[in-house]
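Have the sequence and the 3D view ready.

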Amino acid sequence: MMIAPRTAALCISLLALSATLTTAAAADKPGQPTVGQPLPPLEAAATMQVPEGFKVTLFAGEPDVQQPIGFCIDDRGRLWVAEAYGYPDHSDQPGRDRILIFEDTDNDGVHDKRTVFYDKLNYVTGIEVGFGGAWVMSPPYFYFIPDKNADDVPDGEPEVLLDGFGNHANSHNLANGFAWGPDGWLYGTHGRTNWSMIGKPGATDAERQRFDGGIWRYHPVRHEWEPYADGTTNPWGIDWNEYGEAFMSNCVNPHLFHVIQGAHYEPWRGRQSSQYAYDRIGSIADHLHYVDGEHTVVGTDEIKSLGGGHAHCGMMIYQGTNWPEKYRNTVFINNIHGKRINNDLPERKGSGYIAKHGDDFALSKDPWFMGVTLQYGPDGGVFVIDWSDTGECHSTTNTRKETGRIFKITYGDAPLKMPEPSLEQRTLQDIAFPPDANNEWVRRHSRRLLQEFNASGMPLEEITTFLRSSLKALTKRQNSLASSEGVTSKLRSVWALHNIDGIDEALFQFLLEDESEHIRAWAVRLQCENQKPPAAALAKFTDLAANDPSPLVRRYLASALQRLPHQQRWPIAEALVAHAKDAVDQNLPLLYWYAIEPLVTTDFTRFLDLGSRANIPLIRHHASRRATEFENAAQLSKITSRLEAANSEQRRDLLAGILDGLDSLGIQNPDIVTDWNSTYAALQKDPSNEVIELAIRLALRFNDPIALKQLNDRASDRSASSDIRRSALKALIDKGGADMAALLFSLLDDPQARDLAIRGLARIEHPDIAKSLIKRHPSFDASSRRDAVQTLASRPEWATALLDAVDAGTIDKSDINAFAARQMQSLGDQELTARLQKTWGDLRKPSKDKARTIEAYRKKLTPESIAAADPRAGRTVFQNLCASCHKMFGEGGEVGPEITGSQRTNIDYLLENLIDPSAAVAKDFQLVIVETTGGRTLSGFIRSENDSALTLQSINEQVVVPLADIKKRTLAAVSIMPEGLLQTMTTTQIHDLFAYLSNPGQVEPTEK
């Protein structure tokens, strides 16, 4: 491995300084994690493992750079680095976060000039430069710091362009990062839990726009802000491939998404912004970056054994000129837990992409390596900033503010330097038509410079003419060029022309006829940028929607629909949903739906016609559901009236949509619809058993006695299939009623239906429920025991009986997990709480000095003691305490995040989350306690809420509670994951649990 040549004095100085700083950090902060110490900066560079032919240099290290959280590269190839000293402490006062400029004047891979540009920021998270200044994200503020004369001295204090960017929920998961898109907008990513109310300074709440997270953009000339795509958890990084297709990384698994305008991405967090999206577009990655029993990381045995992780940060699609061609247009993401850089390989699939896993590109030997983001520079070398820390990816309690590194990764031994001539020395024509066309860095900066020139009023008529003629010329000789070369050259001209307002209506029409799907697609998108395409364009869009063979073009049309007035959407949407083949595409059905959904408020009948006649099942289902929910099912007769004339497939989707709509509204007994008897009779003759089953379930909602008997018979029929029985039982339970008791009691000894029966009993009142569950509890399997305890913990009298059983030895105390214990405590019965503390243990608030508590456990949990523990017994502990909410190695619940890919081998990470799970809890995961008018208490987190009902996710079920049935609702300022879990365990159990959690693979459980 080679590093940049430097003097011995500098090497010794950096090594000594690093050792001094790390020793001081450990000594000055008792209770801080002691998982290794960072390698000295030069050693960290020298020991980083990269493919043969590559080398890593230390471009900058502490003390020259500390806490680097973001960076960009200016037109002179200099790095502008944001240093986040304030993290993780919020403050509205001016802070000491800084913007630094680093320059390498002699092209040896090491900076030799460093300038402090600005040093009064607080909580900085992103930086980009252009248009005469620096664009800075510092939640809640979005700043522009002017430097018109480019002397690296601000012309004045930062200008607040927008404020209201969320920083209230936690210290992470917020607005971050910037990148210039090919369309001339400045793009940013935004975490999901720190939602924002964005507006200009002084704007009222009514003038602001709520943004729940995802991708947004800001136009630097028109000063317009708008959301671009909604969802994911904590996106941190966006980049574009050669066709202008955007991709983003997501910190929490899944890790990679294809960014589509107007899309809604998983997961949903009950936000109004995607209330009617219903389903969301998933990750394009067909793999995980860790081993979970099914998804295996590709790479050497050594890399496999070290593992990756689910925390990712940064996004680069390499289009530089230095690295080998095999890496071009592939994705590079920092894997925080894995101390490495992953390489994903996107491939075209349908309207979008799928990403395969390539060999991991780089692996750091530094235990503190925490790569944040990465970019290729003007010479094709790649810069990577290292936050340099330990602990989990949030680093909320163990941040060392003294460390930070910037590495540069290059290929080969030839010296690298800025392209010549430099951008500021080029003629206007060379900027518009760069001679080094393969250098995407030059292309992007040149395109932005043209946009700046145009915004300043510089005459560009000659350049516009040249660009337009080049498009025509490229079209004529496109067949003689390599396919991608001709298309990408034209795209670059299209983007440049758009950014200088150089595309007129005639040229748009010309582009819409182009033989390349990419050109046609971008012509659709760009003509809708102002949301006012001319009539000729709308007519052409309708034609393309009906006849264009490309799913890519249809995808762009679906995105463009969301930018059109409702009345202009109808003919295009009707043409799109006629494509039956699009039903299996990973994007198109949902994108069509996102564009169609708002039309329900414009013309209900036409909306229902469009939805019910669509050749895509998802559209039929979602339209039926949305129509049901519209005006609280007041229009239900208009939907059911279409069932008789519909074919079997249409009936299936319409019925399923109606039922889902009623469920979401919490309506169990809607008013019977017109002509139901004849409709039901027709449905019972349908050739599809699925349609008949759905019809019975809907008839049950109308209190149809025939349907009631049919479902009771099916639920009780032990010779029927499990799916049929469970579906019938769930429908009966959802309907509710005290007359359900006899059926549910009869199913407690039935393994196929026991879990539903136990949960169903929680919804009704009956004097024998507690006695029946406690009597059978010893014979239940582990899952049924958890369900029984959770049901018993939902009412005071049942909880008292549960504690009686524990005292009598009928039920083991360990069967009461901390969730059930806390739910019993929330019942508000002082006598019951006193008994709970005596019988089960004290649910006292943990010590405020979490660091000392962590330190005490750390001293006990030595590597030797964990190695000596029994991971098989630990799996049993995990199943009893954790598996209700967390999935590991493919098994467990989905209430909390999957932990297979987390830092399970890091004792500090585990202790921080077990001892202080509420340290950085988002509102989405705060515990909600609901008391119903029927006397039941539930605890969990809110999955969704509308005007009629609340959907609550408890540890063992998802419950829809009509708002009218809620007596009291309490939001606890804590995570749904309880504190004090370790306090309920023996020392042996704790060691066994940690042995299991840190085990690289699954083990067989011990018998309880």
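## Starting with one serine

In which helix is the place of serine 559? You'll find serine 559 in helix α11, which covers residues 551-561. Keep in mind that you're looking at a predicted model.

Is serine 559 buried or exposed? Its relative accessible area is 6%, and since anything under 20% counts as buried, serine 559 is buried. If you skip the neighbours within four places in sequence, serine 559 is in contact with Ile260 and Gln261.

## A covered helix

Now hop over to helix α23, residues 754-761. This one is mostly covered, with eight of its eight residues buried. Among them are Arg754, Asp755 and Arg759, along with Leu756, Ile758 and Leu761. What covers the buried residues of α23? The cover includes α21 (722-735), α22 (741-746), α24 (769-776), α25 (782-792) and α26 (796-808).

## The nonpolar cores

Here's a handy rule: in soluble globular proteins, nonpolar side chains tend to be buried together. In this model, the largest nonpolar core has 263 residues. Trp323, Phe361, Ile406, Ile409, Leu729, Ile816 and Phe994 touch the most other members. Another core lies apart from it, with 17 residues that include Leu161, Phe165, Ala175 and Phe211.

Take a look at isoleucine 409: not counting residues up to four places away in sequence, its partners include Met48, Phe54, Trp323, Ile341 and Phe361.

## How confident is the model?

The protein's mean pLDDT is 87, and 89% of its residues reach 70 or more. Over residues 1-34, though, pLDDT stays under 50, and the model has 66 contacts beyond four places in sequence for them. Residues 293-300 also stay under 50, with 19 such contacts.

Conventions:
Residues numbered from 1 in each chain as written. Predicted model: local features only at pLDDT ≥ 70, side-chain atom pairs only at ≥ 80, totals over all residues. Heavy atoms only, no water. Helix = DSSP H or I, 4+ residues; strand = E, 2+ residues; numbered from the N terminus. Buried < 20%, exposed > 50% of the residue type's maximum accessible area, 1.4 Å probe, protein only. Contact = heavy atoms within 4.5 Å. pLDDT = per-residue confidence, 0-100. Core = buried A, V, L, I, M, F, W, Y, C linked by side-chain atoms within 4.5 Å.
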